[in-house]
Amino acid sequence: MKVSLEQATLEITEWLDYKKVSEKKREAYKESIDSLIEAVSEGALIVNEDKTLTHELKFEIGEEMKISKLTYKPRLSMGKIHNHMQGVKTTDGDGRILAYVSALSDQTKGLIKGMDTEDYAISQAVAVFFV
């Protein structure tokens, strides 16, 4: 469902406030915030009351069981991140984002690797606020 840019901005601002994202980080990741606002406005991303984010995928992923949406948690523990970072080098930026998206959505890295770049761009914009 599409919403106005003003409503989308409000919802993403509330999500960032809930996460206690600093003004400095908001300035540094302004492009990601703009991407999230655009995704909410277009109906591709929904901010739920519990501050989870529902991502309506443009392209389904998965072989046996097709997945058309992902839900991202609003918070992550270091233990969860550590589990998903196994085998990822600290210098591998793409691998790290992939691991964070996997942890946020409770989906395997293999499944996330199958995402179309259009969908993955939204996932990346979400993940940067957890790195």
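The crossing of helices α1 and α3 is right-handed (the near helix is turned clockwise from the far one by less than a right angle). Both belong to a predicted model, in which local features need pLDDT of at least 70, side-chain atom pairs count only at pLDDT 80 or more, and totals for chains, interfaces and linings use all residues. Residues are numbered from 1 along each chain as its sequence is written, and side-chain values use heavy atoms, with hydrogens and water left out.

Two packed helices are described by the angle between their axes and the distance between the axes. Here α1 spans residues 5-18 and α3 spans residues 30-42. Their axes come within 8 Å and cross at roughly 125 degrees. Axes are lines fitted to C-alpha atoms, for helices over the stretch in contact, and angles run from 0 to 180 degrees between N-to-C directions. Helix α1 is therefore oblique to α3. Angles under 35 degrees count as roughly parallel, over 145 as roughly antiparallel, 65 to 115 as roughly perpendicular and the rest as oblique. Helices are DSSP runs of H or I with at least four residues, strands are runs of E with at least two, and both are numbered from the N terminus.

From α1, the contact (heavy atoms within 4.5 Å) is made by Leu5, Ala8, Thr9, Glu11, Ile12, Trp15 and Leu16. Helix α3 supplies Ile33, Leu36, Ile37, Val40 and Ser41. The contact residues divide into 9 nonpolar, 2 polar and 1 charged. Ala, Val, Leu, Ile, Met, Phe, Trp, Tyr, Cys and Pro count as nonpolar, Asp, Glu, Lys and Arg as charged, and the others, Gly among them, as polar.

An open sheet is formed by 3 strands in the order β1-β2-β3, with antiparallel pairing. Two strands pair if DSSP finds at least two bridges between them. The edge strands, β1 (45-47) and β3 (67-72), each pair on one side only. The twist averages 25 degrees from one strand to the next.

Strands β1 and β2 are joined by 3 bridges. Leu45 stands opposite His55 in β2. The hairpin of β1 and β2 has 5 residues between the strands, and Lys51 takes a positive phi near 70 degrees.

Strand β2 (residues 53-61) pairs with β3 over 5 bridges. Glu56 faces Lys69 of β3, and Ile61 has Ile67 as its bridge partner in β3. In the hairpin of β2 and β3, with 5 residues between the strands, Gly62 takes a positive phi near 105 degrees.

Helix α7 (residues 117-127) lies across β1, β2 and β3. Helix α7 runs at about 155 degrees to β2.
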